[in-house]
Amino acid sequence: MMTSYDPLLEGLNPAQREAVESIEGPVLVVAGPGSGKTRVITHRIAYLVRKWHISPYRILAVTFTNRAAGEMKERLSRLVGSRIDRLSVGTFHAFCAGLLRREGSHIGLDPSFTIYDDDDQVQLLKEAMAQVNIDSKQYPVRAIQGAISRSKSLVLDAASYASNCEGFFEEQVSKVYEKYDALIRRSQALDFDDLLLRSVQLLSKNPDVLERYQRRYQHILIDEFQDTNVAQYMLAKLLAGQYRNICVVGDADQSIYGWRHADIRNILGFQKDFPEARSIVLGENYRSTGNIVEAAQKVISANNLRIHKELWTSKEEGPPVVVPETHDEEEEDQFVISEVERLGRIEGASLGDCAVMYRVNAQSRALEEACLRYGARYKLVGGVRFYQRKEVKDLIAYLRLIGNPQDDVSLVRAINVPRRGIGTKSMDDLSRWAISRGTSLYAALESLNGDPQEDDSLRRSLSSRAAAQMTAFLALVQELAEESSRLDVVALIDRVLERTSYREYVTEHYDLPDERWENIMELRRAAEEFKDEEPPQGLTLLLERLALVADADNYEESADSLTLITLHQAKGLEFPVVFMVGMEEGLLPHFRSLDDTGQLEEERRLCYVGMTRAKDRLYMLRAFRRRFAGGYGPSLPSRFLQEVPASIWEPQAPAVPRRTISEGVQSSSWEPSMAEPTGDAPALPGLSPGDKVRHPTFGEGMVVSCTPSAGDNEVTVAFVGTGVKRLLQSLARLEKLE
DNA sequence: CAGTGGAGGCTTTTT
DNA sequence: GCCTCCACTG
C-alpha cells in the first residue's frame with residue numbers, strides 16, 4: 001500500500017500504524033494503558049473515510065461510556081470535519097435504543113417505549129415480588145435484580161430462564177422474572193438489559209432487518225471490548241456477520257466491570273468466532289514515567305488469571321511512587337491538599353493537573369470537606385446522579401407519563417406529586433383493579449370515567465374524595481398529553497411545572513428547595529437542545545437522553561480545580577498528578593471481594609487502572625485508622641502496596657507529625673520516615689492569633705491559631721456567623737485586616 | 001392521609 | 001455514619 005506519506009499515519013509507531021491500516025477483516029487490538037488507543041481508533045476511522053472514501057454512514061463505533069463517545073466525535077471532527085456527523089458513535093445502549101425505536105414493531109414493541117433505570121427497575125421488582133408472594137426481606141430485591149440482570153446479559157429471557165433454572169432460589173427468581181417481565185411489557189418499558197436483549201432477539205429473529213444493518217455497517221469498531229457482556233458481543237457479532245470488518249480494542253488487564261457481567265471471555269470468543277483475526281499489541285506507554293509504569297506493571301503481574309503482557313515506556317524514570325501514611329482520613333485528605341499546594345508552588349502544577357481517586361463514593365465526602373475547609377476549588381465527578389434526584393425524577397415521571405401513559409412506575413410516582421390525598425388504601429384499590437383485569441394503572445383510572453353501566457367497581461370501592469382526586473389527576477395527564485402534541489418540550493415542561501404548582505411543592509416539602517429548583521431548571525436547560533424537534537419527538541429524545549446519559553455535567557477538564565473521582569470513572573482519563581486514597585485492605589481491595597479470587601483480581605485491575613492514570617507523579621495513600629460504616633477502626637495497608645517494588649517506592653510520614661501511632665494498630669512492614677523538614681519557608685504574610693482576617697466566602701473572622709505545616713501555614717479562624725474553620729493560608733485567599 | 005420520628009439496614013463500581 | 005423504610009401520631 002502506498003501509505004507512507006499519509007499524514008494520518010505520521011507519528012504512529014509500527015503497531016499503531018498496523019492497527020490503523022488493517023482495515024479489512026477482523027482485528028483484535030490489545031491496547032495497554034497510555035498506548036495511544038484513542039489515537040489509533042480515531043485515526044483508523046479517519047483513515048477509512050479519507051483514504052478509502054468509506055462513507056461515515058457505513059461505520060459504527062461503539063464505546064462504553066457517553067464520555068468516550070463524545071470525545072471520539074470531537075477528535076474525529078478535527079480530523080475529518082463535519083462529514084463525520086453521519087457516523088454512528090455511541091454506547092451499546094444508545095445504539096440499541098435507536099434500533100428498537102426504528103425497528104421495534106417487528107417484535108411488537110411500541111416505538112414510544114420508556115427506558116427504566118435501576119431505580120424504576122427496583123420499584124417494579126418490588127411490585128412483582130409482592131404479586132407472586134415473595135418476601136422482599138427474605139430475598140433482597142438487589143439479589144433478585146442481579147440474577148435477572150445476569151440472565152438477560154446472557155440473552156436468557158424469562159421463558160428460557162424458567163426452563164433452565166435449578167434450585168429453590170432460582171425458582172423464586174424465575175417466578176419474579178416472569179411477573180416482572182409481564183409488568184414491564186404492560187408498561188411499555190424496557191430496562192437497560194432489555195435494550196440489549198431485545199435487540200439481539202430482534203436481529204436474530206428478523207433476517208431481513210439484520211441484513212439491512214449488516215449491509216449498512218461495513219466497518220465496526222468496539223472500544224473497551226473487555227467490558228462487553230455476552231449480549232453485547234452477540235450483537236456485535238450479528239452486525240459484523242456480513243463484512244466481518246470488525247475491530248475490537250481492549251485490554252483484559254483493565255477489565256473492571258465483571259460485576260456488570262462484562263465477560264473477558266469475549267476476547268477468547270472473538271478469536272474463535274473470527275479465527276482469521278489479526279492480533280496487534282500496543283505495549284508502549286506514552287503516558288507515564290518509568291517508575292509509574294514499572295510499579296503498575298508489578299502490581300498487575302500479581303494476577304494469576306492473566307495473559308502475560310509487557311508494558312514499557314521510553315520516558316524517564318521520574319520521581320518515585322510516594323506512599324504517604326497518615327494517622328486518619330482527615331490527615332490523609334489534608335496531605336493531599338497541602339501536597340497539591342506544594343506542587344503548585346514549586347513546580348507550577350495547577351489544581352487541574354491533579355486528581356484524587358478513590359474506591360467508593362463515600363470517600364468523596366471527606367475530601368470535599370477538606371477542599372472546602374482549605375479553600376481548594378474542586379470538581380466532583382459522579383456522585384448522586386443528576387437524574388436520580390427526587391425532584392428531577394418527579395418531573396421526569398410526568399414527562400414519561402405524558403409520552404407513555406401505560407408506564408405504571410411513573411404513574412405511581414406522579415400521582416401524589418403534589419400531594420393529592422391519594423393514600424395507601426386508594427392506591428391498593430386501584431392496583432387491585434388493574435391486576436384483576438390485567439390492565440395498566442392508567443387504564444384503571446380511565447375506568448372511573450367510563451360508562452357506569454359497565455364496570456364501576458373501582459369507583460364504588462374508592463371514597464368519593466379519592467375518586468375525585470384520581471379523576472382530576474387523570475384529566476391533568478390527558479390535558480398535558482394533548483398539549484404535548486402541540487408544544488415543544490421546553491414549553492411542555494413549563495406547563496407541567498405550572499399545572500402542578502411544582503415550585504410551591506418543592507418549597508413546602510423538600511429540604512434545600514432552591515437547590516432542587518435549580519436542578520429542575522437544569523433539566524429544563526437540557527431540554528432546550530430538543531426544543532426545535534417536532535413536538536412529540538422532542539419529548540422522546542429528551543427522555544432517552546435522560547435515561548442513557550448518566551451525568552448531566554459531563555466531565556470537563558478545568559484548569560483550576562482538583563478532580564475528585566472514583567477509580568472506575570477514572571478509566572480512560574489521565575492526569576499529571578494522581579492521588580489514590582484509601583489504599584487499605586477492605587477498601588481496595590474492597591471487603592466484598594476478599595473471599596473470591598476472581599473478584600480480588602478485578603480489584604487489582606482496578607488498582608492498576610488507577611495507577612496508570614498518572615503521568616508524572618503517583619501517590620498511594622493509606623491511613624492507620626479510618627471511619628467506616630459507623631465504625632472507626634485500625635486498617636491494614638492494601639496488599640497491592642506491597643506489590644510495588646521498594647526501590648521505586650518512597651514511604652512518607654504525615655506532613656504534620658502526630659503523637660505516636662496508637663497501640664492496636666498492626667505495625668507495617670516499613671518504617672515510616674519523618675517528612676523532611678521543610679527548608680523553604682513560605683513567602684506568606686505572617687498571621688498570628690488575634691489577627692482579624694477576611695475570607696471571600698466565609699467573611700470576617702479572627703485567627704485562633706497558626707501551625708506551620710509542610711511549608712505552609714495551617715490557620716484556624718473563627719468566622720463571624722460561619723464558625724471555626726481550618727484553612728491553609730496559601731490556598732484560602734485570606735486578607736489581613738487592620 | 002401526611003409528616004415525623006425511630007429503628008433498622010446497609011454499605012461498589014454504571015449503561 | 002448515612003439513608004431508607006416503616007410505624008405511629010396528629
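Guide: Let us begin with a helix. The buried residues of α11 are A231, Q232, Y233, L235, A236, L238 and L239. Buried means under 20% relative accessible area, exposed over 50% and partly exposed in between, with a 1.4 Å probe and protein chains only. Helices (H or I, at least four residues) and strands (E, at least two) are DSSP runs numbered from the N terminus. This is a predicted model, in which local features need pLDDT of at least 70, side-chain atom pairs count only at pLDDT 80 or more, and totals for chains, interfaces and linings use all residues. Residues are numbered from 1 along each chain as its sequence is written, chains are lettered from A and ligands numbered from 1 in the order in which they are written, and side-chain values use heavy atoms, with hydrogens and water left out.

Visitor: Why is helix α11 described as largely enclosed by the rest of the structure?

Guide: Seven of the ten residues of α11 (residues 230-239) are buried, so the helix is largely enclosed. At the start of α11, a side-chain oxygen of N229 comes to within 3.1 Å of the backbone nitrogen of A231. This is a polar contact, a pair of N or O atoms within 3.5 Å; within protein, one must be able to donate a hydrogen and the other to accept it, and residues adjacent in sequence count only if both atoms are side-chain atoms.

Visitor: Which residues touch the most other members of the largest nonpolar core?

Guide: In soluble globular proteins, nonpolar side chains tend to be buried together. A nonpolar core is a set of buried Ala, Val, Leu, Ile, Met, Phe, Trp, Tyr and Cys residues joined through side-chain atoms within 4.5 Å. Here the largest core has 64 residues, and L195, I222 and I246 touch the most other members. Leaving aside neighbours within four places in sequence, I222 is in contact (heavy atoms within 4.5 Å) with residues including V62, F92, A236 and I246. Another core, of 54 residues, lies apart from it, with L448, L462, A467 and V489 among its members.

Visitor: Is R101 buried or exposed?

Guide: R101, in helix α4 (residues 92-103), is buried, with a relative accessible area of 18%. Its side chain reaches the backbone oxygen of F113 at 2.8 Å. Not counting residues up to four places away in sequence, R101 also touches P111, S112, I115, T540 and E544.

Visitor: How is a pocket read, and what volume has the second largest pocket?

Guide: Rolling a probe the size of a water molecule over the atoms shows where empty space is left. The second largest pocket has a volume of about 710 Å³. Its lining comprises 31 residues, of which Q123, D408, V409, V412 and R413 lie nearest its centre. Helix α5 gives the largest share of that lining, seven residues.

Visitor: What is the phi of Q188?

Guide: Phi of Q188 is near 50 degrees, a positive value in a residue other than glycine. Q188 is in the loop between α8 and β5 (189-191) and is partly exposed, at 25% relative accessible area.

Conventions. On a 1 Å grid over the protein atoms alone, a cavity is a set of points where a 1.4 Å probe fits but cannot get out, and a pocket is an open set with protein on both sides within 12 Å along at least five of seven lines; lining residues have an atom within 4 Å of a point. Grid points are joined across faces, edges and corners, and a volume is the space filled by probe spheres set on the points.
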